[in-house]
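The following exercises are to be worked with the sequence and the structure at hand. Each task is followed by a stepwise solution.

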Amino acid sequence: MSRPLPKPSNGAHLALSDHYRDALSLAADFETAPLQTAANPWDYLIVTPSNEGQAAAYEAQLRLRRKLGLLVGVREVMVVTDPGGRRVGSGGSTIHCITQVLGRELALTGRALPKDSAPQPEMLCCEHSAASTSLGDPTAWQEALRQLRILIVHAGGDSRRLPAYGSCGKAFVPVPGESDSAVPVTLFDRQLPTYLALPPPKNEAGQIVITSGDVLLKFGPRNVRFTAEGVTGLGCHASPEQATRHGVYCADGDGRVRLFLQKASPEEQEERRAVDRYGQSILDIGVLSFDAAMAVALLKMVGASPDGSGRLVWTGPMADALTAHGLDFYREICCAMGDEATFEYYLEAVRGSGSELDESLLRRIYDTVSPIPFSVQVLPHCRFLHFGATEQIISSGLDLLRQDRGVSDLEAHVSVNNHLLDGAAIAGANAWVEGCRLRSSLRLGGKNVVVGVDIDEPLALPPGACLDVIPGHSREGREVWFVRCCGVGDTFKRTAEQGATFCGRPVADWLLAVGARPEDVWDGDIPSEQKTLWNARVFPAEDGPTAYRRWLWMFDPDAASDAQRRAWLAADRYSPAEIAKLADHEVFEKRRTMLRAQAIRRSLRRMFRSTSGFSAADLAYLLEQAQDRAAWVADVLEEARYHFDNGG
C-alpha cells in the first residue's frame, strides 16, 4: 500500500534547516563543485514502514516536515507498506515501491510524460484504457523510469533489537543534534540531507537509490560518481572484523565488483581477496544506485503485471515465494552480481546467510541480475554510525556527540530532548536518556537506556538496566502505559535454546526465579522453536505513567518478594509484538513535541536571532500544539519587544 503525502502549503518556508546546512558544509570540505540538489531534484522520496501502525506514524512525521518546509528538493513524498502487510525484505520492498511509482506515473495518461508536463483534465478519463495497457508494457515502464529520480529509505523492521523505539521506527529515533526547527531532531533528519545531495548519473537512464533508515552516514556527496549503467554501491574501508557484520565488496582497481560477500568471516574475506595490502576490506554502507533497465529487469523477474483494479502487482511462483520468505536486496540480489559470481558461489553464499528461497527461484534471480554491470565507489571519508540495536544507540549516540563537539574523548551520557526541572540531574556515563521529564535525580550504573519516563523522585538503575514507558491501549481498548524493564544485551530475536536473555540472565532462569511456567508467557500454539522474548507476555501494563516503580525488581528477580512475584503473574502483561501494535504513536510523538516546545520556549532569544532557521511556520505549529497558548504568546511578544528596543 502506498500513500502520497500533501504538498507543502504556500506559507511554508523553504529555507534549509540546520542539518541541510551541515550537509552542505561537510560536502564543501571535500570538493568545491556545487551540489546537485537544487538543479536535479528528486521526483520521489519513499519511506518504507513495517506495518500499518508504523506507516501512520511515518506519514505524520513526513506530513509535519512538509508543512514546515523541511523537505527541500523533493516533488513527491510517499509511505509504502509491504504488500498485504507481509514483510518482503529490502529487495521485495524496493520492487514494490517501483510498482507503486509506475502505477502513479503511467496512470496519468497511459504513457510516460516528460517531468515538466502535466496531463489535461479531459485526458484522464478518455485514456483510461491506454493507461491499463501501458501499465503492462515493460517498454513504458522503462520510458517512465528513465525520466525519474527515486530515493527509497528502507525504515521498516519490528525493532526487535531496539524495542524502546518500535513505535516510532528506527528512522525517527530522536538523536543528538542542534536545530532551529519545531520538531525534535531524528535520525531521519540527520541522514536525509546527505542522501538528497547525491548526484544523478551522467546519462539519462533514470535513477533509483536505496538506503537504510537505521544508519547515519557522514560523507561528502560531491565525492560520489555513479556509473552510467547498472548498479553502483557505495563503500568505505573497514577492518575485516568490522565487516563481518555487513556486506563486503571484492573489487578491482577500477571499481568493478568481482564478488559481493554477505557477513563473511575475516578468513573468507582473505580467501576471496577482499582484504587489501593495508589489511582493510571495502564495507558496504547500504547505499545502492541503479538505473531504469535494472528496475525493469527486477519487475520482469517477479512477474509484474496489472491486476483488475489497474495496479501493477507480482504474479506467479516468485511472487508467492517472496511473500512467504522475502527477498533481501543485499543477499539474494547483490550476491548474484559481480564478474566472478558463479551460480555455485551464489547458492552457497545465500544459503550460508539464511536464504529460504527455492533453488529454482534463486537460479531465476541469478540469471536475471548476474549480467548487469556492478561497480563500487569507495568513499575516502565516511563515518558510519549504526542505530539498529539497544547497545548501538548508546555507542553511536556518544560517537555522534564526540563528532558534533569535535573531541576525541567524552565521558558522558547521551541526553536527548529531556526536560529537567530545578534540582533534577542525570548522573552517570555510557548511557542513553531520551524523552524523559525529571523532577528529581536519575543515577545510572552504565550501559543504561531510559526512554519516556517521568521521574518524580530519585531513581537509580543498575548497570545494563533499560527502562522505557510507552502509552497505548490494552487488548480491550483501555488507555494504559506499557512498562518495559529489560537488559541492554537482551536478545528478542533468539529462542531460549539459542541463548536468549531477559534482564541479563537466561530466559528460563528468569522465569524460574519468578515462579512462571512457559505457558504463563507464551500462547500454546507457538512452536518451541519460535518462542522468543518478542512473543512472550512479560511486560506489564499500568493505569498511570509513574507506576513503573512497581516493576523495577524485574532487574533482579531473586530479590523480589513473594507478593511482587504474585503481582507479576496476575498482571495484565503484553509481548513486545503486541505492544508494537497497541502503542499509541500519536501520543508518543506528542510527548516529544511538547518537550521540544518547552526547550524552545526557554531559548526564544536564540530562536529569534537573525541567522536562525526558526520560521513563522514553526512558531504557528508550536502555538497550535500549546496547552498554555496565552503564556506562549506573552513570551513571544516580550521577546519581540526586546528585539525592537535593541534594534534587532
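**Exercise 1.** Determine which residues E542 is in contact with, leaving aside its neighbours within four places in sequence.

*Solution.* Step 1. With contact taken as heavy atoms within 4.5 Å, the partners of E542 are V480, W481, V483, A547, R550 and W551. The model is predicted: local features need pLDDT of at least 70, side-chain atom pairs count only at pLDDT 80 or more, and totals for chains, interfaces and linings use all residues. Residues are numbered from 1 along each chain as its sequence is written, and side-chain values use heavy atoms, with hydrogens and water left out.

Step 2. E542 belongs to strand β28, residues 539-542 (strands are DSSP runs of E, at least two residues; helices are runs of H or I, at least four; both are numbered from the N terminus).

Step 3. E542 counts as buried because its relative accessibility is 10% (buried is under 20% relative accessible area, exposed over 50%, partly exposed in between, with a 1.4 Å probe and protein chains only).

Step 4. Polar contacts are pairs of N or O atoms within 3.5 Å, where, within protein, one must be able to donate a hydrogen and the other to accept it; residues adjacent in sequence count only if both atoms are side-chain atoms. The E542 side chain makes one with the side chain of R550 at 2.6 Å and one with that of W551 at 2.8 Å.

**Exercise 2.** Identify the buried residues of helix α11 and what they pack against.

*Solution.* Step 1. Within α11 (residues 316-325), M318, A319, A321 and L322 are buried.

Step 2. These residues lie on the same side of α11, because they cover an arc of only 165° around the axis (taken from the directions from the helix axis to the C-beta atoms).

Step 3. The buried residues of α11 pack against α10 (292-301) and α14 (359-369), whereas the exposed P317 and D320 are on the face turned away from the buried side.
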